[in-house]
Each structure stands twice: as structure tokens, then as C-alpha cells.
Amino acid sequence: PEKRKQYLSKLKKYVVVVSISTGLLICVPFCSFLLFEIFHMPYSFYENLLLYPQQHPYIICFTAAGFLGWCIGLYFYHNRNIQHLQKLLEAMSNADYERFTEMMQLMNFTQRYSPFVVICQGKAYFMSNLSEGIPLTNITHLKWTYRSERHSRSKKGNTLIEEAHIYTRQQPNTPITVTMPKEQYRFLERAYREVNC
């Protein structure tokens, strides 16, 4: 359907933008170091800018290779998720797609194009591990928890970690733990209750 095609085309554009902007952000510290060196050379800025690549050709090559490497690596990583998501979108029923769009509207910009969980044809697919999907009928219990993790380097730096614990019939005592914000967990819980209650 057209709406799903539009979503995928937006997703592909988003992945290209994220890959390039992340590559640029990673190169910023190195570029600032290069500018610092160019400003402290004995000639004018423009002369230094022309002389620097001649004096240090390998630094420019390594910078370009690093930038391209990060961009290409990130693109292929996200592209793998897109292909997985495309298969799920093609297989979704209309009710599944309505639930999916409803969930995406509650997400922030980055999560909207990289969901933690997708419900499709009675199965829960987790994008973090690109699993085969867990049938909702195999789930016996769901639990959501959050914890604050302190970074050892700074006293103020705490990270909130939100996790869903999924207990299945095959492993009733060992849950499958997936990082997931509460907003998306509620959709998983609702789909589970619709099937099992």
C-alpha cells in the first residue's frame, strides 16, 4: 500500500542523513585539530591551506577514509534494519499496520524510524537482534523495568536503562531481555493481552 511505501522512502532518506551527519560529527574534532595546525603555520591562512595537503598528504587521505568508512558502515548497519522492517511491513495485516503507525506517532524522531518492537501476524519482532519473531501465544508473562546506571568517569552521568523481560513457554524461568521504552512496551503488552486473555 502507498502509505507503507511512503514510510519506507522516508526511512531510507533518514538513514542517509543520519549516516552522513554522524560521519561529520565524528570528523569535527579531527578537523578542528587540522584548523589549529593551519592557523599556527607561518604564512597566511589561504597559503597554509594550500601548503598543508602537500606537506601532509596522508593526513588528508586518512581523514577522508575515516569519514567515508563511518558513513558507509552506519548506512549498511541501518540498511539491514530497513530490509528487515520492509519484510515485516509487507506481511502486516491492516490491524497490525494501524497499531504500528499508532505506536510510531508516540515515538521521538530517531525511534520512529528504528522501533524496538514490531508486532506482525501474531508475532513480536525485536529490531535489536533481528530475531525470527516470538509468537504472542508462546509468551507466558511480560514485565517492564527501569534502572539507573552510573558512569564511573563522572558523578553526574546517569543513564536510564528501560528493559522488557519476556518469559516464554520454552524458557519459563529465563526471560528474554530487550531494551525498550515504556511507550513501546505498552503496545507489546496490549497485543499480548489481546491474544492471551
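**View 1. Residue I20 of helix α1.** I20 is partly exposed, with a relative accessible area of 42%; buried means under 20% relative accessible area, exposed over 50%, and partly exposed in between (1.4 Å probe, protein chains only). I20 is located in helix α1. Helices (H or I, at least four residues) and strands (E, at least two) are DSSP runs, numbered from the N terminus. The model is predicted: local features need pLDDT of at least 70, side-chain atom pairs count only at pLDDT 80 or more, and totals for chains, interfaces and linings use all residues. Residues are numbered from 1 along each chain as its sequence is written, and side-chain values use heavy atoms, with hydrogens and water left out.

**View 2. A nonpolar patch on the surface.** I20 belongs to a nonpolar patch on the surface together with V16, L24, L68, I72, Y75 and F76, and the accessible area of this group is about 640 Å². Two or more residues of the patch come from each of α1 and α3. Helix α3 provides the largest share, four residues. A nonpolar patch is made of residues with over 30% relative accessible area and no salt bridge, its side chains (Val, Leu, Ile, Met, Phe, Trp, Tyr) being joined within 5 Å. A salt bridge is a side-chain nitrogen of Lys or Arg within 4 Å of a carboxyl oxygen of Asp or Glu. Accessible areas come from the Shrake-Rupley method with a 1.4 Å probe.

**View 3. The largest pocket.** This pocket holds about 270 Å³ of space. A pocket is an open set of points, on a 1 Å grid over the protein atoms alone, where a 1.4 Å probe fits, with protein on both sides within 12 Å along at least five of seven lines; lining residues have an atom within 4 Å of a point. A volume is the space filled by probe spheres set on the points. Among the lining residues are K3, Y7, Y97, F100 and R112. Helix α4 gives the most to the lining, with five residues. The lining divides into five nonpolar, three polar and three charged residues.

**View 4. The second largest pocket.** The volume here is about 180 Å³. Ten residues line this pocket, and Y77, H78, N81, S114 and F116 are the closest to its centre. Helix α3 (residues 57-91) supplies the largest share of the lining, three residues.

**View 5. Residue N173 in a loop.** N173 lies in the loop between β5 (158-168) and β6 (176-179). N173 is exposed, with a relative accessible area of 70%. From N158, N173 is 15 residues away in sequence and 30 Å away in space, C-alpha to C-alpha.

Technical notes:
Nonpolar A, V, L, I, M, F, W, Y, C, P; charged D, E, K, R; others polar. Patch = residues over 30% accessible without salt bridge, like charges linked within 9 Å, V, L, I, M, F, W, Y side chains within 5 Å.
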